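Take a look at the fold below.

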Amino acid sequence: MGLVRKKNQKKTTEADQGCEQLVRLSRTQKKNAALSLQELGARLVKLTDEQLDKIGLAEDILKAVKAAKTIKKHCPLARQMQYIGSLMRKYDPAPVREFLEALERRKRRQAAG
């Protein structure tokens, strides 16, 4: 069997051009986004409780991060990281990323100066 090519599905009419087009993500893009949120959660677990309180995380994420800090074994910790990643999909991760980047910049300045 040969490869089957789909016809161009991006045919638009004049009415469609004014509307916002939805972008369909591939499975790989979805997986990379989920892994990115998991890594963000892992960075949150490394923070102190005072730093976590400054971020202003949602209550369920904050509880999950604090629970992950108490877990010492690898497999349960991996499951908890996946859970944190799934919780973070419900919220905008941009403020968390900005806070972590600002924290890293502060650490670099202290190390340099």
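In which kind of crossing does α4 pass α5, left-handed or right-handed? The crossing of α4 past α5 is left-handed. Keep in mind that this is a predicted model.

**Helices α4 and α5**

Two packed helices are described by the angle between their axes and the distance between the axes. For α4 and α5, the axes come within 10 Å and cross at roughly 165 degrees. Angles over 145 degrees count as roughly antiparallel, so α4 is roughly antiparallel to α5.

Which residues make this contact? From α4 come D60, I61, A64, V65, A67 and A68. From α5 come L77, Q80, M81, Y83, I84, L87 and M88. By type, the residues of this contact divide into 11 nonpolar, 1 polar and 1 charged.

**The loop between them**

Helix α4 covers 59-70 and α5 covers 74-88, and I71 has its place in the loop between them. Is I71 buried or exposed, or partly exposed? I71 counts as partly exposed, because its relative accessibility is 23%, and buried means under 20%. Leaving aside neighbours within four places in sequence, I71 is in contact with P76, L77 and Q80.

**Helices α2 and α6**

Now turn to another pair. Helix α2 spans residues 27-45, and helix α6 spans residues 94-112. Their axes come within 11 Å and cross at roughly 50 degrees. That angle makes α2 oblique to α6. The crossing of α2 past α6 is left-handed.

On the α2 side, the contact is made by S36, L37, L40, R43 and L44. On the α6 side, V96, R97, L100, E101 and E104 take part. The residues of this contact divide into 5 nonpolar, 1 polar and 4 charged.

**Salt bridges**

Side chains of opposite charge can pair when their charged atoms come close. How many salt bridges does the model hold? The count comes to 3 salt bridges.

| Pair | N to O distance |
|---|---|
| R43 and E104 | 2.6 Å |
| K69 and D49 | 3.4 Å |
| E104 and R108 | 3.9 Å |

Start with R43 and E104, whose side chains meet in a salt bridge. R43 lies in helix α2 and E104 in helix α6, so the pair ties together parts that are 61 residues apart in sequence. R43 is partly exposed, with a relative accessible area of 31%. E104 also counts as partly exposed, at 34% relative accessibility.

Next come K69 and D49, which meet in a salt bridge too. K69 lies in helix α4 and D49 in helix α3 (residues 49-55), so this pair ties together parts that are 20 residues apart in sequence. K69 is partly exposed at 23% relative accessibility. D49 is partly exposed as well, with a relative accessible area of 36%.

R108 counts as exposed, at 54% relative accessibility.

Which residues are linked in a network of salt bridges? R43, E104 and R108 are.

Technical notes:
Residues are numbered from 1 along each chain as its sequence is written. This is a predicted model: local features need pLDDT of at least 70, side-chain atom pairs count only at pLDDT 80 or more; totals for chains, interfaces and linings use all residues. Side-chain values use heavy atoms; hydrogens and water are left out. Axes are lines fitted to C-alpha atoms, for helices over the stretch in contact, and angles run from 0 to 180 degrees between N-to-C directions. Helices (H or I, at least four residues) and strands (E, at least two) are DSSP runs, numbered from the N terminus. Angles under 35 degrees count as roughly parallel, over 145 as roughly antiparallel, 65 to 115 as roughly perpendicular and the rest as oblique. A crossing is left-handed if the near helix is turned anticlockwise from the far one by less than a right angle, and right-handed if clockwise. Contact means heavy atoms within 4.5 Å. Ala, Val, Leu, Ile, Met, Phe, Trp, Tyr, Cys and Pro count as nonpolar, Asp, Glu, Lys and Arg as charged, and the others, Gly among them, as polar. Buried means under 20% relative accessible area, exposed over 50%, partly exposed in between (1.4 Å probe, protein chains only). A salt bridge is a side-chain nitrogen of Lys or Arg within 4 Å of a carboxyl oxygen of Asp or Glu.
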